[in-house]
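Subject: Structure handover

Hello,

Here is the structure I said I would pass on. Please open it alongside this message.

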Amino acid sequence: MHCRLVLFVLTLGLVRPLLAQDSTAAKDSMAAQDTALVPRLAPLATLTLSDALAQARRHSPVYRQALNNAGPARWGVRNAYGNFLPSVQVASDLGYTGSGQSTFGAFFNQTSPFLRSTYSIGLQMQLDGKTLAGPGQQKALERATSQDIENAGVGLRFDVTDQYLTAEDAVAQTEVAREQVRRNEEFLRLAQTRYRVGQATLLDVRQAEATRGTSQVTLLRAFQTENEAKLELFRRMGVVPPAPVEQIALTDSFTVAEPRFKLDELITMAEGENPSLRALRERSSAAGASVRAAKSEYFPTLTAQAGWSGFAQQFTNENQLLSEQLQTAQGQAADCQFNNQVRTGLNLGGTTPDCFGTFGLDATGKSLNPATAALVRSRNDVFPFGFAGQPFQATVTLSLPIFSGFGRELRVSQARADEEDADEAARAQGLAVRASVHARFLGLTTAYKTIGVQEVGRAAARDQLRLAQDRYRVGLGTALEVTDAQSAVERSEADYVTAVYDYHRAFAALEAAVGRPLR
């Protein structure tokens, strides 16, 4: 036993100077290997979780689709109140009719083409049960839409936070792989040194080289996973990375603390604040308003209408109008002259001094005087806006359908079924929320305990590696022992990192289940 101890001391004294001689060259070699495999580039951009969430709220396509539903919901409420006001309709038309013969139960000869124009202004209002129930129903739907948007925001927060943590987990795993490459470089250097002094075989050197190669491949794959995780993060944010992803640094850090939540309090909080549950409750309320609206079909409907209208008609052939006016005036003038003769013969008096002038004829009686002709033209010049107003019209109707082929009963039954479906959907979502909160709470507790277990395992693996390396340096251990110990350290450190980020992801999942931040 004494001889073995002396041999151990002498061997250790021989190997360590050799290790010291190669230390600087080995470190340079390790740095060169790291640079060649996974270059360390200076970050061109940084990203915090709060920045990622803010950008996601502005740019995420899925979240913006949910936001777009707010506008129609608001207009639905305005429309429900607008139904209490009369609707206004304005109409106008222009037309042309040529000369010819028309038949409307009798024949009419239209000797002159004419232009026509009309206008109408109508007011209409209908008041029934659906109109009365409309505001309540639309307000409930608006609140449901608002909760849908909030739920989309909660989902967005979870998606971005979860992916941010996944990306940071990948970054940490890359560092674990990088550290493993360094260990394997040291192991290779140690095997080469011992081989040069005749204390190891070429097999040890080749085994160390193979182990280093395996760790280098692991590093490359870890770096690829890191970059893919960052790309997925920016995709969920709805933006293009502002720089190459390998030069974007995630700067947030998260602390691990023992969860001290009470399950009952979390469930109560979720039942009151989970937006998906609240949205279904609002839709159930809207379904109740639909039932009331369907039942209102048994009550009378009040309809009120009022309107104004007018028309204008202008003949395009003014000569025809002047000719007709001339014939009319000549006939009236002839009657006037005959009346004068009768009154004069009977000495009745009261004759008309100028029959021609009285009826718009000139002194010869063969044509219209200029004033009358001008008046005829001005009266015909009405197209398109010289409307002749029609009498105002207004009606009020009260209707009560007696039998509609069981259509009302069908609509009431369907509305009740929809209400019951909405109630059951809300109840099912409530059960799902309770189960989800309970499961996420258990998951968070388990994740926290796992961190402690993994930390103990990591410390034990590191001690095992130090012992294996010391034994190998003095010739008491084998290269396989060192390789196994290094693999154990790599697994334990990777498992510890995974446990830490599983804890943070479990925390984010619990927040999503509750429907609000918890820290």
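Confidence. This is a predicted model. The mean pLDDT for the protein is 86, and 91% of the residues reach at least 70. Among the elements, helix α2 (residues 49-59) has the highest mean pLDDT, at 96, while helix α1 (residues 2-37) has the lowest, at 43. The pLDDT stays below 50 over residues 1-35, a stretch that has 33 contacts in the model beyond near neighbours in sequence.

Cores. In soluble globular proteins, nonpolar side chains tend to be buried together. The largest nonpolar core in this model consists of 22 residues. Leu47, Val160, Leu233 and Met237 have the most contacts inside this core. At least two core residues come from each of β1 (45-47), α2, α5 (129-196), α6 (202-237) and β6 (248-250). The biggest contribution is from α5, which gives six residues. As for Met237, leaving out residues up to four places away in sequence, its contacts are Leu47, Ala52, Gln55, Ala56, His59, Ser60 and Val160.

Disulfide. A search of the whole structure turns up one disulfide. The cysteines are Cys336 and Cys355, with an S to S distance of 1.9 Å. Their link is left-handed, with -70° about the S-S bond. Cys336 lies in helix α9 (residues 318-345) and Cys355 in helix α10 (residues 355-358), so the pair links distant parts of the chain, 19 residues apart. Is the pair of cysteines buried or exposed? Cys336 is buried, at a relative accessible area of 7%, and Cys355 is buried too, at 5%.

Arginine. Arg458 is located in helix α12 (residues 407-473). Arg458 is buried but forms no salt bridge. The nearest side chain of opposite charge belongs to Glu455, 4.4 Å away. Not counting residues up to four places away in sequence, Arg458 touches Ser492, Glu493 and Tyr496.

Regards

Terms used:
Residues are numbered from 1 along each chain as its sequence is written. This is a predicted model: local features need pLDDT of at least 70, side-chain atom pairs count only at pLDDT 80 or more; totals for chains, interfaces and linings use all residues. Side-chain values use heavy atoms; hydrogens and water are left out. Helices (H or I, at least four residues) and strands (E, at least two) are DSSP runs, numbered from the N terminus. Buried means under 20% relative accessible area, exposed over 50%, partly exposed in between (1.4 Å probe, protein chains only). Lys and Arg count as positive and Asp and Glu as negative; His and the chain ends are not counted. A salt bridge is a side-chain nitrogen of Lys or Arg within 4 Å of a carboxyl oxygen of Asp or Glu. Contact means heavy atoms within 4.5 Å. pLDDT is the predictor's confidence in each residue, from 0 to 100. A nonpolar core is a set of buried Ala, Val, Leu, Ile, Met, Phe, Trp, Tyr and Cys residues joined through side-chain atoms within 4.5 Å. A disulfide is a pair of cysteine sulfur atoms within 2.5 Å.
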